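Okay, thanks for coming, everyone. Let me put the structure up, and then I'll walk you through a few spots in it.

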Amino acid sequence: MTEEDQIAEWLTAEVPLLIPKNENTENPKNCRTVTCLPTMYKLMTSIISRRMQKYMDDENLMPKEHKECCSGSKGCKDQLLISKAILQECKRRKKNLCIAWIDYQKAFDRVPHSWIIKTLELIGLNNKVISFTKKVMSYWRTRMRLHTENKLIETDEIKIQCGIFQADSLSPLLNAFA
C-alpha cells in the first residue's frame with residue numbers, strides 16, 4: 001500500500017450520543033441519536049460528495065424519484081412542500097387525490113458495503129473515489145454512549161459492517177444507489 005492510499009483510522013471514528021426523549025433514560029428506545037464525526041472526515045467527504053454529485057448530474061445518473069439526493073434539495077422537506085402544494089391545488093379544484101409515502105425504516109443501517117462499492121463501479125465513478133470509499137468503510141466503527149442521571153453507559157467499539165453513517169455527506173448519495 002502506498003502512502004497516498006493510507007487513511008488514519010481515527011478519521012472515521014463515529015461518536016453517537018443518545019439524547020433522552022423522556023425521563024426513562026435506561027431504555028435506549030427512549031433516546032434519539034445525534035452522531036458526531038471528525039471535522040476532517042466531514043470536510044473530505046463533503047468535497048468528494050460535491051464531485052460525485054456533479055458527475056452524476058453531468059451523466060444524468062440520478063433518478064428523479066431520488067429527490068433527497070438532488071443538488072440543492074432539502075430532501076423530505078422539499079417532498080412535503082410539493083405534496084402540500086398538490087393537495088391544496090386538488091382541494092381548490094375539488095379533485096380526488098391519493099398519496100402514498102414510503103418510509104424506509106433504518107434504510108441507512110441496512111445497505112451492504114459490497115452493494116455500495118459495486119454500484120459505484122457500475123456507474124463508472126473514478127477509481128480513486130471508489131478506493132477511498134472502500135478503505136474508509138473498512139474503518140467505520142462506533143461506540144454508543146448514554147448519559148443517565150447516575151452514570152455514563154458506553155459500549156465497546158462496534159465495527160460497522162453494513163449501513164452508512166447518517167451524518168456523512170456521502171450518505172445520501174451512497175444510499176440512493178444501493
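So, Y41: you'll find this residue in helix 1, which covers residues 39–58. Keep in mind that what you're looking at is a predicted model. Is Y41 buried or exposed? Buried, with a relative accessible area of 0%; the cut-off for calling a residue buried is under 20%, so Y41 qualifies. And what does Y41 touch, if we skip residues up to four places away in sequence? We get L11, T12, V136, W140, F165 and D168. There's also A13, which sits 28 residues from Y41 along the chain, and the C-alpha atoms of those two are 9.1 Å apart.

Staying in helix 1, have a look at S49. S49 is buried too, at a relative accessible area of 12%. Leaving out neighbours within four places in sequence, the contacts of S49 are S169, L170 and L173.

Now over to helix 4, residues 113–122. Which residues are buried there? That would be H113, I116, I117, T119 and L120. Looking down the axis of helix 4, those buried residues fall within an arc of 160°, so they line one face of the helix. Quick reminder on why spacing matters here: an α-helix has 3.6 residues a turn, so residues three or four places apart point the same way. On the other side of helix 4, we have S114, W115 and L122, and these are exposed.

One last stop: just after helix 4 comes G124, with a positive phi of about 80°. Okay, over to you.

Key. Residues numbered from 1 in each chain as written. Predicted model: local features only at pLDDT ≥ 70, side-chain atom pairs only at ≥ 80, totals over all residues. Heavy atoms only, no water. Helix = DSSP H or I, 4+ residues; strand = E, 2+ residues; numbered from the N terminus. Buried < 20%, exposed > 50% of the residue type's maximum accessible area, 1.4 Å probe, protein only. Contact = heavy atoms within 4.5 Å. Arc of directions from axis to C-beta.
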